[in-house]
Amino acid sequence: MGALNVTPDSFSDGGRYAEAGAAVRRGLEMVAEGADLVDVGGESTRPGADPVEAAEESRRVLPVVRALAAAGAVVSIDTAKAEVAAAALEAGAAVVNDITALSDPEMAGVVARAGAGVVLMHMQGTPRTMQDDPRYDDVLAEVAAFLRRRAAAAESAGIDPGAVCLDPGIGFGKRLEHNLALLAGVPQLAALGHPVLVGASRKRFIADLLGPIPPAERDAATAAAHVLAVAGGAAILRTHNVVVGLQTARIADAIVRQAPASEG
Ligand code: PMM
């Protein structure tokens, strides 16, 4: 999944694709590079970010979604707002990527009626405050329990369980140790029975470990996280560098498939 932020302020690529034409070009380039999905977002979710009105978010994303879908790309819309999701699905998106896991009371119905896919992500708090003081007793168990509950809620709302993907939400209300525990815990999350999406690309946990390297220089470090995510059974990697992401995933996947089944 190629991450395409049509925003002036996302932390990893903020401002580069704020203009619709540039965003569409980058989305098509991602498809040419081998992305199976292009994730279009119009609201920055970096720590401390302020919310964006639905009208402004729609203004940013809809022309991009429409153009990419018309060109044959499979588009996911990265939004927590049912109104934006509904308009994006109408414009040709196939998946709703909801970092709040259906917190908008209208969202589940929108997804169900459209027969769309959905990504349910875990977050503690909101983007504005989530990194202030995140706390867990057992982060993996708590995130797994949350995702299990939200998947059940999606199913009760009429969403096809086979169209539900789960995401631990790397960096969303998590300290370094929480992010590492969740990345190490991908096998336990995959055992919940849905495809697991991992969004580790260029995130701050990398700088927490390696020092203050800028986001655009974090792709090798991202690849290390991706290899282990694939080995742990992740199905989708949300990434900014599709070329490196795809090479990494294919090699890791080929090796995992060769490994003899574990005994016992
Ligand atoms: N991360 C960001 C935005 N949307 N969606 C999902 N499902 N999972 C994520 O980890 C995720 C997301 C923030 O990353 P960016 O602003 O660098 O693209």
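Which residues is asparagine 97 in contact with, leaving aside its neighbours within four places in sequence? The first legend answers this.

This is a predicted model, in which local features need pLDDT of at least 70 and side-chain atom pairs count only at pLDDT 80 or more, while totals for chains, interfaces and linings use all residues. Residues are numbered from 1 along each chain as its sequence is written, and side-chain values use heavy atoms, with hydrogens and water left out.

View A. With a relative accessible area of 3%, asparagine 97 is buried; buried means under 20% relative accessible area, exposed over 50%, and partly exposed in between, with a 1.4 Å probe and protein chains only. Leaving aside neighbours within four places in sequence, asparagine 97 is in contact with Asp39, Ser76, Ile77, Asp78, Thr79, Val119 and Arg238, where contact means heavy atoms within 4.5 Å. The side chains of asparagine 97 and aspartate 39 are joined by a polar contact of 3.0 Å. A polar contact is a pair of N or O atoms within 3.5 Å; within protein, one must be able to donate a hydrogen and the other to accept it, and residues adjacent in sequence count only if both atoms are side-chain atoms.

**View B. Buried and exposed residues of helix α3**. Helix α3 spans residues 82-90, and its residues Ala82, Val84, Ala85, Ala88 and Leu89 are buried. Seen down the axis of α3, these buried residues fall within an arc of 160 degrees, so they line one face of the helix; the arc is that of the directions from the helix axis to the C-beta atoms. The buried residues of α3 pack against α2 (54-70), β3 (75-78), β4 and α4 (107-114). Exposed residues Glu83 and Glu90 are carried by the face of α3 turned away from its buried side. Just after α3, glycine 92 takes a positive phi of about 120 degrees.

**View C. The second largest pocket**. About 390 Å³ of space lies in this pocket. Of the 18 residues that line the pocket, Met1, Asp36, Ala235, Leu237 and Ala249 are the closest to its centre. On a 1 Å grid over the protein atoms alone, a pocket is an open set of points with protein on both sides within 12 Å along at least five of seven lines, a cavity is a set of points where a 1.4 Å probe fits but cannot get out, and lining residues have an atom within 4 Å of a point. Grid points are joined across faces, edges and corners, and a volume is the space filled by probe spheres set on the points.

**View D. The largest cavity**. The structure holds one cavity of 30 Å³ or more, and about 40 Å³ of space lies in the largest cavity. Its lining consists of Asp219, Thr222, Ala223, His226, Thr239, Asn241, Val244, Gly245 and Thr248. Both α9 (219-231) and α10 give two or more residues to this lining, and α9 gives the most, with four residues.
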